Amino acid sequence: MFQSFSQDFSKYKDTTFINLNNGTLGLSPSIVIDQQKAELENFERNTSSGYGDAWGRLWKIQQGLGQFLKSRPQDLFLRPNVTLALNEIIMGLQLPANSEILTNTFEYGAIVNILKHKCQRDGLSLRTEDLSALYECSDDEAVIEVILKTISPKTRMLLISHIFTGNGLIVPLGKLARALREKGVLLVVDGAHAPGLLNLDFTQDLAEVDYYAGNLHKWFMGPKGTAFGWAHADHQGSMKPQYGSWTTSENPPPNMANFGHSGEFASRMLWSHSQSFSSYYGLESALAYWDLHRPEVIRQQIQMRMTYLKNSLDVAGVSVLAKNYNSAFLCYNSSEFSKAQFQGIFLKETPLQVGLPRLPGAQILRLTPHIHNTQVELTEAVRILKSHR
């Protein structure tokens with residue numbers, strides 16, 4: 001039996017359906033939503049002081065996030081989602097003329113479009129490689145070998161996911177980063193699915209990655225509209241913010257000087273325009289929730305739910321796409337469920353909600369359970385899925 005977390009989500013979770021699409025937007029514990037609502041009300045009572053007093057508090061939140069990610073807070077910046085964070089990174093980095101950017105057929109379409117925009121604006125070339133050979137890999141070394149074979153003499157930047165959204169494969173970034181540094185190729189990582197699901201460490205395994213961005217509203221269970229970007233200290237001086245505001249100057253207003261150190265990377269990358277900060281303040285409750293239940297326990301409980309689903313479907317003769325290597329979540333070719341019809345992202349005439357990403361030539365059925373999912377829900381999900389075989 002799984003550890004029960006139902007009481008932590010009961011205030012806002014809709015129990016009329018089974019949500020196995022946490023990989024798109026995860027549910028937040030009730031305390032996170034409650035804090036957001038309270039912060040929005042407090043802000044509305046005095047918007048001027050709420051705006052003026054925000055910066056020191058935001059810096060403390062960034063410090064707390066840095067502790068969770070094992071990162072220096074001065075290497076981070078907050079954004080509403082990973083697409084915006086990667087826009088800042090990709091559009092802001094400087095590449096030599098006639099450089100080639102390399103990506104692959106497993107990447108998320110919106111991120112590939114950033115690369116296309118970058119190449120069109122800066123006169124660069126974009127090459128997309130098929131990484132289907134990764135399905136045959138059984139260890140990190142084989143994965144690295146497949147990826148490195150795609151590098152050409154012109155390649156100056158590789159965009160790759162930490163966890164591929166359509167098949168759950170995990171890229172061994174530490175080893176890949178070291179290999180690419182030897183070749184002079186920048187590594188930019190779409191970490192949309194990793195925070196919360198994996199134990200990230202920017203002081204050890206990820207220390208030689210060049211740029212990274214991740215969502216906080218998926219597996220981390222943070223407020224919707226929270227994400228982060230990270231840049232290696234070696235590149236922060238050359239990375240250009242994509243817009244100007246108060247903190248892009250070395251002499252910001254005195255209240256904004258409470259955020260980090262004026263003129264440094266984190267300060268330059270701060271969104272310092274007028275806004276409500278209720279979503280970012282909700283990260284305080286999300287971080288407290290992880291501290292209370294301990295990250296290793298939450299990740300273990302997520303994996304127990306994944307294992308239950310995988311083993312139950314294995315018995316029914318259904319195999320995940322990634323059979324030989326580490327997969328962070330469960331992805332199946334939808335043709336395995338020959339009777340399945342979909343109404344949006346629901347299996348038609350059932351209460352089961354799934355993810356439906358696409359890969360070249362294939363419609364994928366993705367199962368991404370989280371700690372709010374109960375034993376009863378997952379048992380029913382297995383029954384429904386088996387009935388669609």
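**Strands and rings, with reasons**

Mentor: Let's start with β7 and β8, which pair in the antiparallel sense over five bridges. Keep in mind that this is a predicted model.

Trainee: What makes β7 and β8 count as a pair?

Mentor: The cut-off is at least two bridges between the strands. β7 and β8 have five, so they pair. In one spot, N215 stands opposite A227 in β8.

Trainee: Why is strand β7 called largely enclosed?

Mentor: Five of the five residues of β7 (residues 211-215) are buried, so the rest of the structure largely encloses this strand. Buried here means under 20% relative accessible area. Y211, A213 and N215 point one way from β7, Y212 and G214 point the other way, and all are buried. In a regular strand, side chains alternate between the two faces of the sheet.

Trainee: What makes β2 and β4 edge strands?

Mentor: First the order: the open sheet of seven strands runs β2-β8-β7-β6-β5-β3-β4, with mixed pairing. β2 (76-79) and β4 (125-129) each pair on one side only, and that puts them at the edges. Neighbouring strands of this sheet are turned by 20 degrees against each other on average, direction ignored.

Trainee: Which helix packs on that sheet, and what does the helix touch?

Mentor: Helix α4 (residues 54-69) does, touching β2 and β8 (227-231), with its direction at about 110 degrees to that of β2.

Trainee: On to the rings. How many aromatic pairs are there?

Mentor: The structure holds 21 aromatic pairs.

Trainee: What makes you say that the charged end of R57 sits over the ring of Y281?

Mentor: The distance limit is within 6 Å of the ring centre, along with an angle limit of within 35 degrees of the ring normal. The charged end of R57 is 3.8 Å from the centre of the Y281 ring and counts as over it. R366 likewise lies over the face of F329, at 5.8 Å from the ring centre.

Definitions and conventions
Residues are numbered from 1 along each chain as its sequence is written. This is a predicted model: local features need pLDDT of at least 70, side-chain atom pairs count only at pLDDT 80 or more; totals for chains, interfaces and linings use all residues. Side-chain values use heavy atoms; hydrogens and water are left out. Helices (H or I, at least four residues) and strands (E, at least two) are DSSP runs, numbered from the N terminus. Axes are lines fitted to C-alpha atoms, for helices over the stretch in contact, and angles run from 0 to 180 degrees between N-to-C directions. Contact means heavy atoms within 4.5 Å. Buried means under 20% relative accessible area, exposed over 50%, partly exposed in between (1.4 Å probe, protein chains only). Rings of Phe, Tyr and Trp (its six-membered ring) pair if their centres lie within 6.5 Å; planes under 30 degrees apart count as stacked, over 60 as edge-to-face and the rest as tilted.
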